[in-house]
Structure formats: C-alpha cells, structure tokens
Amino acid sequence: MLKSLIVILMTSVLVNNYVLNRFLGICPFLGVSKKLNQAVGMGVAVIFVMLLATLVTWPIQMYLLEPNDLGYMQTIVFILVIAALVQLVEIILKKYVPSLHKALGVYLPLITTNCAVLGVTINNINDSYNFIESIVSSLGCGLGFLLAMVLFAGVRSRLETSNAPQSFKGLPLTLIAAAIVSCAFFGFAGIIENLFI
C-alpha cells in the first residue's frame, strides 16, 4: 500500500505534472511566475485548494452523486465546490496574509477557473482512486504545480536579463521557455514506475 502511494505521489509530481505534461493551469503558470514569492504563494494556495477540493468532492461523488445516479452532475457540482473553497482561501489570505493576497491580486480568484484543480478532482474519480489515494494524488499534483511555478519563476528571472532579439522579448520568449521546461519533464516518463518494481 505504501509503495503504491509513493508511486502515485511521485508520478503526480514529476511524470503527470498537470502544468508541464497535461497542460492544465497554464493561466496562473504564465501569469504569476514572474516573481518567486508570488509563484510560491500561488503554488501553496493551489495545493491547499486541491487538497480541500478532493476532501470534499470525493465523498460527494461516492456517497451522493453515484448512489443517486447523478453522475452527470459531477462537473457542475465540482465547480461549485471549488468556487466556494477558493472564496474561503481568499478570505483567509485577506485576513491573515494581506501581503500575499495583494501580491496574487486577480490571479487568486482565477484558481476558481483553474482547470488543474477541476482536473485533479475528476481524474481522481476516473482513475478509480480510493479516498487516501485521491488525497495523495492531489497532494502530488499540487506539489507538481508548485515545482513548475518555482522552476519557471527561476527561468523567467533569467530571461529578464537575457539579450534576446527584440522580436522574441516578452510573451514569445516566455512561451518558448515554457515549452523547453515542459520537454524536460517528459524525461521522467517511465522512471518512477521502474524504481518501485
């Protein structure tokens, strides 16, 4: 059991990274990765929301939607739960960490529409994970999101001081760098599973 949980965690962080492999959550990835402290703050907020969303949506799916043949309502219910949780996180940050709330700005409410959070909750159900596996998967996906944000914040800080051609400055160079970072993560495919066989 522990071995399978470790595989789920490591696979979620490195192999099936929601930003760099599944290309979910690109908006905050590109929007909040200019400064390291903002990237870390967004990453921690996403981890928190992913874990909370899984804690709430998995029981809703298993004990409410499926037994009552309401599986077709999954996406709508999950979006409503995630929106409520993001509002909760925003209220908590505004009250207890106002500097981070101000730094995240408009990107904090965007966690509501962050498809990575919705993707994690739905994929945990689709992958037939039990409750503990779903929590571990969500933690791994959140840590993978944080890792991608921190790595890309470092890359973007280097890009600002680079001597790039004028036509590449700004968004084109950012997208090229994101593609290169994404390609680097494809090298992890198959490694994690083979380590634990």
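The questions below set values against definitions, one label at a time.

Q: What kind of model is this, and how are residues numbered?
A: This is a predicted model, where local features need pLDDT of at least 70, side-chain atom pairs count only at pLDDT 80 or more, and totals for chains, interfaces and linings use all residues. Residues are numbered from 1 along each chain as its sequence is written, and side-chain values use heavy atoms, with hydrogens and water left out.

Q: How many helices and strands does the protein have?
A: There are nine helices and zero strands. Both are DSSP runs, numbered from the N terminus: helices are H or I with at least four residues, strands are E with at least two. Along the sequence the pattern reads α-α-α-α-α-α-α-α-α.

Q: What share of the 197 residues is buried?
A: Buried residues make up 45%. Buried means under 20% relative accessible area, exposed means over 50%, and partly exposed lies in between (1.4 Å probe, protein chains only).

Q: Why is Tyr 18 called buried?
A: Its relative accessible area is 4%, so Tyr 18 counts as buried. Tyr 18 sits in the loop between helix H1 (2-15) and H2. Contact means heavy atoms within 4.5 Å. Beyond its neighbours within four places in sequence, Tyr 18 has contacts that include Phe 23, Ala 116, Asn 123 and Cys 141. Tyr 18 and Cys 141 are 123 residues apart in sequence, but 6.5 Å apart in space, C-alpha to C-alpha.

Q: What makes the link between the side chains of Tyr 18 and Asn 123 a polar contact?
A: A polar contact is a pair of N or O atoms within 3.5 Å; within protein, one must be able to donate a hydrogen and the other to accept it, and residues adjacent in sequence count only if both atoms are side-chain atoms. The contact between these two side chains is 2.9 Å.

Q: How do you know whether Ser 182 is buried or exposed?
A: Its relative accessibility is 6%, so Ser 182 counts as buried. Ser 182 is found in helix H8 (residues 171-185). A polar atom of its side chain lies 2.5 Å from the backbone oxygen of Leu 20. Leaving aside neighbours within four places in sequence, Ser 182 is in contact with Leu 20 and Phe 23.

Q: Why is the pair of Phe 29 and Phe 152 called stacked?
A: The whole structure holds three aromatic pairs. The ring centres of Phe 29 and Phe 152 are 4.6 Å apart and their planes stand at 25 degrees, so this pair is stacked. Rings of Phe, Tyr and Trp (its six-membered ring) pair if their centres lie within 6.5 Å; planes under 30 degrees apart count as stacked, over 60 as edge-to-face and the rest as tilted.

Q: What does this pair tie together?
A: Phe 29 lies in helix H2 (residues 26-31) and Phe 152 in helix H7 (residues 131-160), so the pair ties together parts that are 123 residues apart in sequence. Phe 29 and Phe 152 are buried.

Q: What makes H6 mostly covered?
A: Of its 12 residues, 10 are buried. Their cover includes helix H3 (36-65), helix H4 (74-96) and H7. Helix H6 (residues 115-126) reaches 16 Å from its first C-alpha to its last, close to the 16 Å expected. The expected span is 1.5 Å times one less than the number of residues.

Q: What is the phi of Ser 128, and where is this residue?
A: Phi of Ser 128 is near 60 degrees, a positive value in a residue other than glycine. Most residues other than glycine have a negative phi. Ser 128 lies in the loop between H6 and H7. Its relative accessible area is 60%, so Ser 128 is exposed.
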